[in-house]
Amino acid sequence: MKKIFQASAIGFMALVLAACGGGGTTSETTSSGSAEATDPVSEQQDPLTIGFVTHVVGNPFIQQIIDAAQQAADDLGVTLQVAGPAGAEADAQLKAAQTLVAAGVDGIVISVPSESMVQGLNQIITDGTPIVTFNLMQSAVNAPYVGEKSTESGRVLGAAILEAMGGASASGQAVLGNCFPGFPVLENRATGVQESLSIAPDVEVLGPFDVKVDAAENYGKWEGLLGANPDASALIGLCAPDIASLGKLKQANPDSAFVGGGYDLTTENLAAIKSGDAAVAIGQTPFMQGYAPVYMLVDAIRNGIDIGKPSFLNSGTEIVTQDTVVEPFGLPSITFAELEEIAASPEKSREYYQPLVDGVIANWQSELRPIA
């Protein structure tokens, strides 16, 4: 598989670089009418407490985000309270946010997996507690969103998988798995993957199938899909657990010729890439998704910045194979071995991504774009 993918890396690099690049800047004004940059630390008022509510706890990728959020809280001198359900239960997640607000937190950072949460979150905002969302979004929430360009990242993943399958002349079945059907970000990824695969008329896309988020359930679902489609040319996941599952599945079925790929740069996923049991992993810069929302929220609270409308801050797209690591925002080039160290260490992650803190995050107001 390594030799197959080596030749394809250059073929999709132009698309990768386009997806990873940042856009131009525009001037945003503060509530006082000034466009000057603000410092959320320079004039600290009373100590702040920020609620950080995730859609799932215990997931390695989400933990990378939480680690970065805690680093932001430490830098800014605020208290971070982390909460969330065991597995994407929207009602429980909204209840966790409401409980934190009732306890007196000064702001909420939250992922938003379901439309059913929108009214409740907007009511929290109306009642005076500001919100920043991350990772999973609903565009009707009156708050900024920090996350990837999800359809474009799907296109990048689909293009990489297609190249590994043989390019436009490839044929066979590509099985697509989604751990949370209905989540807009994941549906967007699926759309992007399918767009790229459609370039090859002889590739048949099956799914997306529900492959669950729990690691054990996820592996079982992929095992069943391979059993039902033993000649599949590609197995493509849209969620954090998939690559690790596909790597284990390849080890258990060494004669299977499927190309595996998916999302997120956890240590487990990188191990599958390193061994050659998966071909490509797409990252969404978890450091950015953890640090930036906390920074933005504290900055807004301490400096009177109005964030009560939908907007978008791009977290960037990362692309990793055995031989290539591409990072967004002009970050320094790193090797696969260095990426492994960063993924395993919050301290090394902070050191590597410090240019984001000094750049796009510090200048977040000018980096905001319309949510569309």
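## Basis of the description

The model is predicted, and local features need pLDDT of at least 70, side-chain atom pairs count only at pLDDT 80 or more, and totals for chains, interfaces and linings use all residues. Residues are numbered from 1 along each chain as its sequence is written, while side-chain values use heavy atoms, with hydrogens and water left out.

## The protein as a whole

The protein has 14 helices and 13 strands, where helices (H or I, at least four residues) and strands (E, at least two) are DSSP runs numbered from the N terminus. Of its 372 residues, 56% count as buried; buried means under 20% relative accessible area, exposed means over 50%, and partly exposed lies in between, with a 1.4 Å probe and protein chains only.

Among the contacts in the protein with a separation of 6 or more, 74% are between residues 24 or more positions apart, a contact being heavy atoms within 4.5 Å. The protein exposes about 14,500 Å², of which carbon and sulfur atoms supply 50%; accessible areas come from the Shrake-Rupley method with a 1.4 Å probe, and for residues only the protein chains shown count as cover.

Helix 9 (residues 242–252) is largely enclosed by the rest of the structure, because eight of its 11 residues are buried. The buried residues of helix 9 are Asp242, Ile243, Ala244, Ser245, Leu246, Gly247, Leu249 and Lys250. Their cover includes strand 6 (171–178), strand 8 (234–237), strand 9 (259–263) and strand 10 (280–283), together with helix 8 (215–228) and helix 10 (267–275).

The axes of helix 8 and helix 9 come within 9 Å and cross at roughly 50 degrees, which makes helix 8 oblique to helix 9. Angles under 35 degrees count as roughly parallel, over 145 as roughly antiparallel, 65 to 115 as roughly perpendicular and the rest as oblique; the axes are lines fitted to C-alpha atoms, for helices over the stretch in contact, and angles run from 0 to 180 degrees between N-to-C directions. On the side of helix 8, Ala215, Asn218, Tyr219, Trp222, Glu223 and Leu226 meet Asp242, Ser245, Leu246, Lys248, Leu249 and Ala252 in helix 9. By class, this contact has seven nonpolar, two polar and three charged residues, where Ala, Val, Leu, Ile, Met, Phe, Trp, Tyr, Cys and Pro count as nonpolar, Asp, Glu, Lys and Arg as charged, and the others, Gly among them, as polar.

## Helix 3 against helix 13

Helix 3 (residues 60–76) packs with helix 13 (residues 346–361) at an angle of about 70 degrees, and their axes are 10 Å apart, which makes helix 3 roughly perpendicular to helix 13. Here Asp67, Gln71 and Asp75 in helix 3 meet Pro346, Glu347 and Arg350 in helix 13, and by class the contact has one nonpolar, one polar and four charged residues.

## Backbone details

Most residues other than glycine have a negative phi, and most peptide bonds are trans. Thr285, in the loop between strand 10 and helix 11 (286–303), has a positive phi near 50 degrees, and Thr285 is buried, with a relative accessible area of 0%. Phe329 also has a positive phi, of about 60 degrees, but Phe329 is partly exposed, with a relative accessible area of 26%. A cis peptide bond, with omega about 10 degrees, joins Gly207 and Pro208, and Pro208 lies in strand 7 (residues 202–210).
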